Amino acid sequence: MDSNSRGFPEWDSLYKSQQVETMPWYNEKLDSDLEEEISKQMAFHRGRFLDLGTGPATQAVQIARNGYWVTGSDISQAAIHRAREVYGSEPNVSFVVDNILHTNFKEDEYDYIFDRGCFHVLHPSDRVTYVKQIKRILKEDGLLFLKCFSINEKREEGPYKFSKKQISEIFEKEWFKVIKIKDTVYQGTLDPLPAALFAVMKNSNKG
């Protein structure tokens, strides 16, 4: 499939018309790769966490249950409306409509950002803007946890696919320090689970 003709859905219409439990990216539990990072690095202070592209909102809720103050953001008003209805009583988590390319979040607002599906559906021409906005709203030495489809995934349809080298090149241009990138799978409702990458990157220079 040509990289410029993906044919992604209109996200608000999708969340209005489809049950989230049937969506390919739905995962009720905390993403296992993020869970491993949280449990392994207990030096994480319980700071502010952004779940970017929260969608079904399950990841935001699970992160909050691990002791963080969490914002779940999504471009879809329907997704955020549902999240507030379903999880409105959950402590330490809130949900807002926001487009990361034109974000209303403040500079240095978050200690951690988890992106489990936003970056890899952006048009290539928007990637630099994305990285610059992430850098702006993430505190110095803050961590970005990124999960995206891997070039090892055989399905032609779906999100853009990346190699480890591509991820490093895109983010290191804007002074992110790549701590790790590993091969993994994208947990959800697809069978077999898609091949994915999980990256941990530090905002190493706010200059």
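Buried means under 20% relative accessible area, exposed over 50%, and partly exposed in between (1.4 Å probe, protein chains only). This is a predicted model: local features need pLDDT of at least 70, side-chain atom pairs count only at pLDDT 80 or more, and totals for chains, interfaces and linings use all residues. Residues are numbered from 1 along each chain as its sequence is written, and side-chain values use heavy atoms, with hydrogens and water left out.

Select Tyr130 and Phe171. Both are buried.

Now the rings. Those of Phe, Tyr and Trp (its six-membered ring) pair if their centres lie within 6.5 Å; planes under 30 degrees apart count as stacked, over 60 as edge-to-face and the rest as tilted. By this rule there are 16 aromatic pairs.

Phe119 sits in the loop between strand E4 (110-115) and helix H5 (127-137), while Phe171 is in helix H6 (residues 164-172), 52 residues apart. Helices (H or I, at least four residues) and strands (E, at least two) are DSSP runs, numbered from the N terminus. Phe119 and Phe171 are both buried.

Return to Tyr130. With Phe171 it makes an edge-to-face pair: 6.4 Å centre to centre, 85° between the planes. This pair links helix H5 to helix H6, 41 residues apart.

Next, select Phe49, Tyr68, Tyr112, Phe145 and Phe198. They form one aromatic cluster.

Arg46 lies over the ring face, 4.9 Å from the ring centre. A charge sits over a ring if NZ of Lys or CZ of Arg is within 6 Å of the ring centre and within 35 degrees of the ring normal.

Last stop: Arg116 lies over the face of Tyr186, at 4.8 Å from the ring centre.
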